[in-house]
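Hi,

Here is the structure I promised to pass on to you. Have a look at it first, and then read my notes below.

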Amino acid sequence: RFAYVNGRYARHADAAIHIEDRGYQFADGVYEVCEVRGGRLIDERLHMDRLERSLGELRIAMPMSRAALGAVLRETVRRNLVRDGMVYLQVSRGVSPRNHLFPSADTLPAVVVTAKSVARASGDKRAEAGVAVISVPDNRWERVDIKTVSLLPNVLAKQKAKEAGAYEAWFVDKDGNVTEGSSTNAWIVTADGALVTRPATVGILKGITRTVVFELAARSGLRIEERAFSLDEAKAAREAFITAATTVVMPVVRIDDQAIGNGTPGSIATSLREHFHEFAE
Ligand code: PDD
């Protein structure tokens with residue numbers, strides 16, 4: 001395997017960043033995860049848009065042009081012989097002696113790109129059974145709209161889910177509303193078949209998969225209610241599901257100890273999963 005690190009392709013096992021990289025010391029960086037399917041990057045344009053936004057919010061410069069970055073992503077996918085899987089891109093504020101203040105303006109952002117294969121069948125098998133989620137208090141900072149590598153609450157939540165026999169943890173805010181999963185957006189389906197997901201204004205990352213599901217739902221004649229929903233409403237919902245570049249649309253069949261619907265994947269979530277790639281770029 002190979003990884004791109006600051007201008008060169010290194011063997012994955014040997015690839016390293018400097019000990020004074022600010023991503024390492026301060027989690028001072030951002031990332032993107034793009035699905036790879038049939039050797040193609042899914043929704044590259046939307047991921048690049050979000051990357052530029054995240055960098056802008058942290059006042060980190062784009063490390064190279066979008067076109068050059070896209071070429072690096074594709075070359076990393078190619079060198080790793082990935083047909084189906086994912087590509088990971090991380091940009092930190094760069095390498096500089098440890099100091100909370102931004103480094104001098106001539107410090108270059110540090111770029112890492114990795115790619116790995118993930119068998120399509122593994123996700124499909126998981127989707128056939130559906131996944132369980134647990135709820136945890138949302139104890140993250142207020143700027144979760146920025147896709148930063150500062151993911152400690154997400155890491156702890158995901159590990160807690162695993163230890164509880166679940167696949168994902170849903171964060172719940174102080175009003176009792178579900179914000180999102182530790183690495184996914186959260187959705188429910190109402191009794192009359194409307195999709196409900198939290199507005200992307202505050203409290204969540206605006207998922208690219210989420211954006212594409214909006215388009216897919218509209219074309220499928222499904223109604224979308226972009227509004228907050230409580231954990232209690234979710235537990236009583238007809239269906240629930242999660243979305244992310246890594247899981248596409250994944251049916252949720254249990255929240256905490258409550259079976260959702262009849263405890264098997266819902267028909268709407270299953271159909272959205274089947275048709276997702278007809279709408280993704
Ligand atoms: N996570 N919310 C959070 C907190 C996320 O970390 C992610 C993605 C999403 C879904 O966004 P998208 O549809 O653009 O993947 C929502 C990536 C996959 C990760 O951290 O691995």
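This is a predicted model: local features need pLDDT of at least 70, side-chain atom pairs count only at pLDDT 80 or more; totals for chains, interfaces and linings use all residues.

At least three residues of the core come from each of domain 1 (2-118) and domain 2 (123-279).

**The two domains**

That brings us to the domains themselves. The domain assignment divides the protein into domain 1 (2-118) and domain 2 (123-279), and their C-alpha centres are 26 Å apart. Where they meet, 19 residues of domain 1 are in contact with 11 residues of domain 2.

Which elements give two or more residues to the side of domain 1 that touches domain 2? They are β3 (29-37), α2 (44-58) and β5 (85-92). The largest share of that side comes from β3, which supplies 8 residues. By type, the residues on this side of domain 1 are 8 nonpolar, 5 polar and 6 charged.

**A pair of helices**

Next, find helix α6 (residues 208-219) and helix α8 (residues 267-279). Their axes come within 9 Å and cross at roughly 100 degrees. An angle from 65 to 115 degrees counts as roughly perpendicular, and α6 and α8 are therefore roughly perpendicular to each other.

Which residues meet in this contact? From α6 there are V212, V213, E215 and L216, and from α8 there are L272, H275, F276 and F279. The contact of α6 with α8 is made up of 6 nonpolar residues, 1 polar and 1 charged.

**A helix in the open**

Last, turn to helix α4 (residues 120-129). Is it largely buried or in the open? Of the 10 residues of α4, the number buried is 1, so this helix lies largely in the open. Just after α4 comes G130, which takes a positive phi of about 80 degrees.

I hope this helps you find your way around. Do write back with any questions.

Best wishes

Terms used. Residues are numbered from 1 along each chain as its sequence is written. Axes are lines fitted to C-alpha atoms, for helices over the stretch in contact, and angles run from 0 to 180 degrees between N-to-C directions. Helices (H or I, at least four residues) and strands (E, at least two) are DSSP runs, numbered from the N terminus. Angles under 35 degrees count as roughly parallel, over 145 as roughly antiparallel, 65 to 115 as roughly perpendicular and the rest as oblique. Two residues are in contact if their C-beta atoms, placed from the backbone, lie within 7 Å. Ala, Val, Leu, Ile, Met, Phe, Trp, Tyr, Cys and Pro count as nonpolar, Asp, Glu, Lys and Arg as charged, and the others, Gly among them, as polar. Domain bounds come from an automatic or database domain assignment. A residue is buried if 20 or more other C-beta atoms lie within 10 Å of its own, exposed if 12 or fewer, and partly exposed in between; C-beta atoms are placed from the backbone.
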